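This briefing is written for a reader who is new to protein structures. Please look at the sequence and the model together, and then read the points below with both in view.

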Amino acid sequence: MSRRIGDNPDEMETDISRVASSRRHSENLPYVHKVGVPPKPNLLKEITDTVKETFFHDDPLRHFKDQSKTKKLVLGIQAVFPILDWGRSYNLSKFKGDLIAGLTIASLCIPQDIGYARLANLDPQYGLYSSFVPPLVYAFMGSSRDIAIGPVAVVSLLLGSMLQQELDPVKQKLEYQRLAFTATFFAGITQFVLGFFRLGFLIDFLSHASIVGFMAGAAITISLQQLKGLLGIKIFTKETDIVSVMRSVFAAAHHGWNWQTIVIGVSFLAFLLVAKFIGRKNKTYFWVPAIAPLISVILSTLFVFIFHAEKDGVQIVRHIDRGINPPSVKEIYFSGEYLAKGFKIGVIAGLIALTEAAAIGRTFAALKDYQIDGNKEMVALGTMNIVGSMTSCYVATGSFSRSAVNYMAGCQTAVSNIIMSCIVLLTLELITPLFKYTPNAILASIIISAVIGLIDINAMTLLYKIDKFDFVACMGAFLGVVFHSVEIGLLIAVAISFAKILLQVTRPRIAVLGKVPRTTVYRNIQQYPEATKVPGILIVRVDSAIYFSNSNYMRDRTLRWLTDEEEQIKETNQQKIQYLIVEMSPVTDIDTSGIHALEDLFKSLQRRNVELVLANPGQMVLDKLHASGFPDMIGEDKIFLTVADAVMTCAPKMEP
């Protein structure tokens with residue numbers, strides 16, 4: 001027979017009192033949030049989202065939404081040729097700034113181009129060719145307002161050193177030039193493909209530290225190579241390492257040095273360095289180091305012409321072909337044994353040129369607070385080098401020294417590149433015969449003064465202070481270039497960059513957390529020594545995604561932390577560990593190996609009578625955990641929103 005509540009008034013009163021007390025107690029406890037179970041992921045949507053974030057994170061087609069077909073066509077043309085967009089608002093005020101900037105960088109680029117062509121073991125006119133056509137193409141397709149296009153020292157040296165390993169630039173001059181055009185063509189193809197398929201993120205694998213070391217090493221190597229022209233040495237090594245170069249220099253000390261050449265070279269080098277110092281100390285005198293190279297060329301050429309110093313052993317340029325770029329499409333190797341060699345050299349030179357241009361473009365865009373599209377920049381750089389290879393140019397890219405002068409001269413748009421190209425055109429048509437008596441020593445001085453700025457001591461010091469591994473990468477690249485070759489230095493830079501990535505991926509940081517006093521916040525006890533551990537509970541945080549490459553390490557390191565804690569507890573007679581809480585907020589992703597590692601960790605903990613608890617797993621991680629059935633294994637009630645919730649729930653359940 002059933003019993004009603006009203007049958008026993010005393011018992012009913014006791015029950016009501018117990019319920020009321022329970023309610024008051026639950027009201028006093030903080031609310032424990034449940035972890036939201038995400039809906040089952042759609043495979044197609046997941047793949048689409050991943051591809052979009054990887055290749056189209058900047059949503060490049062957003063401007064085309066809700067537009068008419070005509071408007072879409074116009075926007076598409078403007079996307080390929082940005083000059084059609086910003087050109088509509090171009091005015092006389094902007095032209096004045098571009099005119100001054102264009103004239104200034106032209107005065108700097110002409111003597112530099114002649115010297116850089118010699119670095120690439122090419123005739124001087126090829127340097128001028130490369131500052132005529134490529135800047136014109138870039139002005140129509142590029143998105144940077146400040147970058148100045150032309151040959152640069154590092155790429156010229158890299159190209160020259162790699163080409164001469166295949167062909168002799170003197171005995172096989174024609175074949176050497178054809179291979180240079182072939183390498184330039186494939187450098188352009190590499191850059192274009194990376195931009196068109198939006199693969200620009202690949203160049204980010206070359207770390208900043210590696211680039212700093214590589215550039216510094218290249219600057220030293222380039223400067224050492226200029227000792228041939230600076231000292232007037234006729235017989236010089238083809239090797240680029242410091243040991244071979246210095247051996248060659250000292251071997252020629254007794255009979256190969258020319259004192260007149262040394263006087264010219266050292267005097268004008270001092271003049272160029274003083275001009276650079278003046279420009280650095282006072283920004284209003286930026287034009288001083290910009291026109292100093294041209295003044296040096298004019299004065300030294302007059303000196304040699306008047307005193308006929310070439311008769312006393314001073315080596316001079318002698319001849320530069322007059323006229324604009326001749327076509328070179330038929331000279332590119334599209335078949336035969338040199339095709340593969342040109343491809344290999346072109347890919348390496350193209351990537352280095354791309355890295356330098358990207359760094360320069362981002363730097364000056366940040367200074368003027370505007371955005372550049374990295375992938376469009378690659379397409380523009382690739383197109384200009386493809387066109388350049390067909391018009392007798394070698395690899396061109398953004399020059400830091402010229403871009404800095406361009407910026408300080410007040411350039412407004414890429415029209416400054418067009419003006420520079422026009423000045424180079426006039427030089428090729430009218431002025432090249434005047435360079436006949438230009439001494440090689442002055443070109444060596446100009447190159448040394450230009451590349452010395454690539455040695456960034458402050459950046460190296462900062463790397464040492466911030467990250468010792470970055471400093472090792474920097475020095476590895478630097479020493480590889482200086483003591484072996486540019487290619488080996490580049491290889492070391494890439495290898496160390498990848499080694500750092502692998503080390504960080506395979507050995508993620510795992511920290512033990514403690515409670516910060518007077519808060520519900522749990523932080524790394526090494527960073528916050530005042531944070532206290534919770535008796536009977538070990539809290540760890542995995543600071544990385546859990547993949548096949550680090551899953552075993554994560555499991556073993558966590559168990560080792562647990563073993564260490566248990567040994568300390570035995571010595572101090574504290575409460576034994578009953579819960580292991582894994583803080584998963586930094587875990588951005590997990591794969592099947594990672595889930596298996598968590599399952600193995602759970603089984604190992606079971607044997608130790610320790611319960612596994614997870615705190616704050618992200619949506620992607622939780623998706624995969626639920627798909628694998630892992631929450632059913634450990635219990636749905638063992639997954640919490642925060643570490644504080646997990647501790648508050650687990651602590652009362654612990655056995656004394």
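How many salt bridges does a search of the whole structure find? The search finds 16 salt bridges, a salt bridge being a side-chain nitrogen of Lys or Arg within 4 Å of a carboxyl oxygen of Asp or Glu. The model is a predicted one, in which local features need pLDDT of at least 70 and side-chain atom pairs count only at pLDDT 80 or more, while totals for chains, interfaces and linings use all residues. Residues are numbered from 1 along each chain as its sequence is written, and side-chain values use heavy atoms, with hydrogens and water left out.

**Overall form**

- The secondary structure comes to 27 helices and eight strands, where helices (H or I, at least four residues) and strands (E, at least two) are DSSP runs numbered from the N terminus.
- The protein has a radius of gyration of 34 Å, whereas a compact globule of 656 residues would have one near 26 Å; this radius is taken over C-alpha atoms, and the globule rule is 2.2 Å times the number of residues to the power 0.38.
- Taken along the principal axes, the box that the C-alpha atoms fill is roughly 130 × 65 × 55 Å.
- Of the 656 residues, 49% count as buried, where buried means under 20% relative accessible area, exposed means over 50%, and partly exposed lies in between (1.4 Å probe, protein chains only).
- The accessible surface comes to about 33,000 Å², and 62% of this surface belongs to carbon and sulfur atoms; accessible areas come from the Shrake-Rupley method with a 1.4 Å probe, and for residues only the protein chains shown count as cover.

- Among the contacts with a separation of 6 or more, 81% are made by residues 24 or more positions apart, a contact meaning heavy atoms within 4.5 Å.
- Ile242 is found in helix 12, which covers residues 242-251, and this residue counts as partly exposed at 23% relative accessibility.
- Leaving aside neighbours within four places in sequence, Ile242 is in contact with Leu224, Val482 and Phe483.
- The C-alpha atoms of Ile242 and His484 are separated by 7.7 Å, although these two residues are 242 residues apart along the chain.

**Salt bridges**

- Arg402 forms a salt bridge with Asp113, and the closest N and O atoms of this pair are 3.3 Å apart. Because Arg402 lies in helix 17 (residues 400-408) and Asp113 in helix 5 (residues 92-119), the pair ties together parts that are 289 residues apart in sequence.
- Arg402 counts as buried at 0% relative accessibility, and Asp113 likewise counts as buried at 0% relative accessibility.
- Glu166 forms a salt bridge with Lys344, with the closest N and O atoms 3.9 Å apart. Glu166 lies in the loop between helix 8 (153-163) and helix 9 (173-196), and Lys344 lies in helix 15 (residues 337-368), so this pair joins parts that are 178 residues apart in sequence.
- Glu166 counts as partly exposed at 24% relative accessibility, and Lys344 is partly exposed with a relative accessible area of 43%.
- Glu166 and Lys344 are also linked with Lys341 in a network of salt bridges.
- Asp470 forms a salt bridge with Lys500, the closest N and O atoms being 2.6 Å apart. This pair links helix 21 (residues 468-483), which holds Asp470, to helix 22 (residues 486-506), which holds Lys500, and the two residues are 30 residues apart.
- Asp470 is buried with a relative accessible area of 16%, and Lys500 counts as buried at 18% relative accessibility.

**Cysteines**

- A disulfide is a covalent bond between the sulfur atoms of two cysteines, and the criterion used here is a pair of cysteine sulfur atoms within 2.5 Å.
- A search of the whole structure finds zero disulfides. Cys422 is in no disulfide, and the nearest cysteine sulfur, which belongs to Cys109, is 12 Å away.
- Cys422 counts as partly exposed at 39% relative accessibility, whereas Cys650 is buried with a relative accessible area of 3%.

**A nonpolar surface patch**

- A nonpolar surface patch of about 850 Å² is made by residues including Phe271, Ile295, Leu302 and Phe307. Patches are made of residues with over 30% relative accessible area and no salt bridge, with like charges joined within 9 Å and nonpolar side chains (Val, Leu, Ile, Met, Phe, Trp, Tyr) within 5 Å.
- The largest share of the nonpolar patch, eight residues, comes from helix 14 (residues 287-307).
- Phe307 is found in helix 14 and is exposed, with a relative accessible area of 56%.
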